[in-house]
Amino acid sequence: MTEPYCPPKAITDKTILKRRFYTYSLIVFLIIFSLSCVTSCIAQEVIDNACCPAELLIYTVIGFMPFLVLFVYAYYFLTGRLRDCGRNTYHAWFILIPLFGLGYCIYLCFPGSKEITT
């Protein structure tokens, strides 16, 4: 007996981001990231004045959390845009390389969408 042929699962519209929405979300991301950097600088002053190690640990974790949330946010939008361009989603890890990652995010605002065949 032969098994029936199952075509590969098609990418749905929910897993991709079109160019316009990606560009808007990148602008919002950059604004929030800039505000987060300013907040982190202010938090650094509070950390410098911490008296005990427990306070230091708490303030450090609280200061690090916005960057973690922003990374997850950027990774989600970047993978959606990479799927729309027809590229490998592993390229989203480029965001970890400081200047190259930012340049790559900006570059993805320009390529058009790849036609998805079902």
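Let me begin with Asp84, which is buried, with a relative accessible area of 1%; buried here means under 20% relative accessible area, exposed means over 50%, and partly exposed lies in between, using a 1.4 Å probe and protein chains only. Please note that this is a predicted model, in which local features need pLDDT of at least 70 and side-chain atom pairs count only at pLDDT 80 or more, while totals for chains, interfaces and linings use all residues. Residues are numbered from 1 along each chain as its sequence is written, and side-chain values use heavy atoms, with hydrogens and water left out.

Which residues does Asp84 join through salt bridges? Lys18, Arg81 and Asp84 are linked in a network, a salt bridge being a side-chain nitrogen of Lys or Arg within 4 Å of a carboxyl oxygen of Asp or Glu. Between Asp84 and Arg81, the closest N and O atoms are 2.4 Å apart. Both of these residues are buried, and they sit 3 residues apart in helix α2, about one helical turn. Helices are DSSP runs (H or I, at least four residues), numbered from the N terminus.

The salt bridge from Lys18 to Asp84 has its closest N and O atoms 3.5 Å apart. Lys18 belongs to the segment before α1 and Asp84 to helix α2, so this pair ties together parts 66 residues apart in sequence. Lys18 itself is partly exposed, at 46% relative accessibility.

I turn now to helix α3, residues 98–107, where Gly101, Tyr104 and Cys105 are buried. They cover an arc of only 100° around the axis, which puts them on the same side of α3; the arc is that of the directions from the helix axis to the C-beta atoms. The cover over the buried residues of α3 includes α1 and α2 (53–85), with contact meaning heavy atoms within 4.5 Å.

Next, the aromatic residues. The structure holds 9 aromatic pairs, counted when the ring centres of Phe, Tyr and Trp (its six-membered ring) lie within 6.5 Å; planes under 30 degrees apart are stacked, over 60 edge-to-face, and the rest tilted. One of the pairs is Phe94 with Tyr104, edge-to-face at 5.2 Å centre to centre and 90° between the planes. Phe94 lies in the loop between α2 and α3, and Tyr104 in helix α3, 10 residues apart. Phe94, Phe100, Tyr104 and Tyr107 form one aromatic cluster.

Notes. Helices (H or I, at least four residues) and strands (E, at least two) are DSSP runs, numbered from the N terminus.
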